[in-house]
Amino acid sequence: MAENTRKFEVLRLSVLSHCNFACVYCAPKNKSDSYETKIHFISTELLESKIKILITILKLKEVHLTGGEPTLHKEITNIIQKIRILGIDEVALTSNGFFNMQLIDKMKDAGLTRMNFSLDSINQYAFEKMSDRKIPIENIKINILHAKNTGLDVKINCTVLNGYNQNEILPLLDWAGENEIPIRYLEFMKMGPLQAEHSDLFFSSDKIKNTIKSKYKFKPYYTEKDSTATYHQTENGYIFGIIANHSEPFCEGCNRLRMDSFGRVYGCLSDQTSFELPENLDAAKAALAQAMLTKKNYFTGSKLSMKFIGG
């Protein structure tokens with residue numbers, strides 16, 4: 001790995017292969033998953049042992065918990081606490097926001113520093129069409145605001161699909177902006193069970209910007225060097241970002257290592273190859289070096305489902 005200037009600095013950890021939503025871009029009904037079929041939870045013991053190996057080899061600055069839906073893991077607060085005890089200062093979590101509000105306080109007390117909420121609509125009908133769940137969207141909005149009020153760093157993620165929720169871009173921006181929460185719009189990634197339909201569902205970053213321009217003027221906003229999003233600020237102070245995997249690839253600067261609920265690691269979302277992470281440090285270093293070699297310079301997509309490997 002010494003010859004490669006790229007480094008793994010962020011671990012995105014899928015703590016379980018299950019979600020209580022069936023979002024059209026991730027786990028649509030009537031589509032068989034092409035990667036895994038059984039629900040699987042990572043044990044706290046396995047997670048702890050794998051992270052100990054990683055922090056011996058890498059300078060990890062962040063662990064980001066994903067799924068599936070990570071709040072469904074019964075040990076989620078213990079997992080967060082274990083990661084912080086191991087010396088990781090930044091522990092983030094991406095959630096669909098459908099859980100008991102008290103869990104936010106418990107996770108923050110355990111050491112959680114940031115939450116990203118996946119919210120693809122604030123219109124009940126469009127939300128149900130995207131998530132395939134009849135769940136009151138107000139409950140999710142309450143949880144988002146509560147997380148912000150506790151002092152957590154909060155962002156909203158919206159995956160935009162043509163024909164589903166492109167009309168929700170402005171209502172989401174207004175709601176997020178009024179509540180001083182940055183929102184990020186994601187281009188639909190060519191992954192998992194809807195690879196064949198990608199071109200029909202794709203809504204580009206240019207179309208997202210043009211939609212926002214129809215109501216607001218905006219200018220570039222500060223964007224961190226290793227950020228996957230490019231940020232902008234509207235004339236009235238609303239902050240939004242666009243994660244454009246296809247239109248504006250950022251793969252060359254990717255510093256992410258991914259781990260599934262079995263403890264296998266992946267170097268790139270565009271490559272299905274996974275690697276065991278042995279306890280022997282020399283063997284583990286070799287596995288990480290191989291994982292690094294799978295990284296691409298541009299996003300091509302894969303059969304991997306986000307339900308099992310997270311974003």
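Mentor: Contact means heavy atoms within 4.5 Å. Keep that in mind for this predicted model.

Trainee: What share of the contacts with a separation of 6 or more comes from residues 24 or more positions apart?

Mentor: They account for 75% of those contacts in the protein.

Trainee: How many helices and strands does the protein have?

Mentor: The secondary structure comes to 10 helices and 11 strands.

Trainee: Why is the protein called as compact as a globular protein of that length?

Mentor: Its radius of gyration is 19 Å, and the globule rule gives 19 Å for 311 residues. The two values are close, so the protein is as compact as a globular protein of that length. Its C-alpha atoms fill a box of roughly 55 × 40 × 40 Å along the principal axes. Buried residues make up 56% of the 311.

Trainee: Now Lys-295. Where is Lys-295 placed?

Mentor: Lys-295 lies in the loop between α9 (281-293) and α10 (306-309).

Trainee: Why does Lys-295 have no salt bridge?

Mentor: A salt bridge needs a side-chain nitrogen of Lys or Arg within 4 Å of a carboxyl oxygen of Asp or Glu. For Lys-295, the nearest side chain of opposite charge is Glu-9, 10 Å away. That is outside the 4 Å cut-off, so no salt bridge is counted. Yet Lys-295 is buried.

Trainee: What does the side chain of Lys-295 reach?

Mentor: The backbone oxygen of Gly-267, at 2.8 Å. The cut-off for a polar contact is 3.5 Å, so this distance falls within it.

Trainee: Which residues is Lys-295 in contact with, leaving aside neighbours within four places in sequence?

Mentor: Arg-6, Phe-8, Cys-254, Arg-256, Gly-267 and Cys-268.

Methods: Residues numbered from 1 in each chain as written. Predicted model: local features only at pLDDT ≥ 70, side-chain atom pairs only at ≥ 80, totals over all residues. Heavy atoms only, no water. Helix = DSSP H or I, 4+ residues; strand = E, 2+ residues; numbered from the N terminus. Buried < 20%, exposed > 50% of the residue type's maximum accessible area, 1.4 Å probe, protein only. Lys, Arg positive; Asp, Glu negative; His and termini not counted. Polar contact = N/O pair within 3.5 Å; in protein donor to acceptor, adjacent residues only side chain to side chain. Rg over C-alpha atoms; globule rule 2.2 N^0.38 Å.
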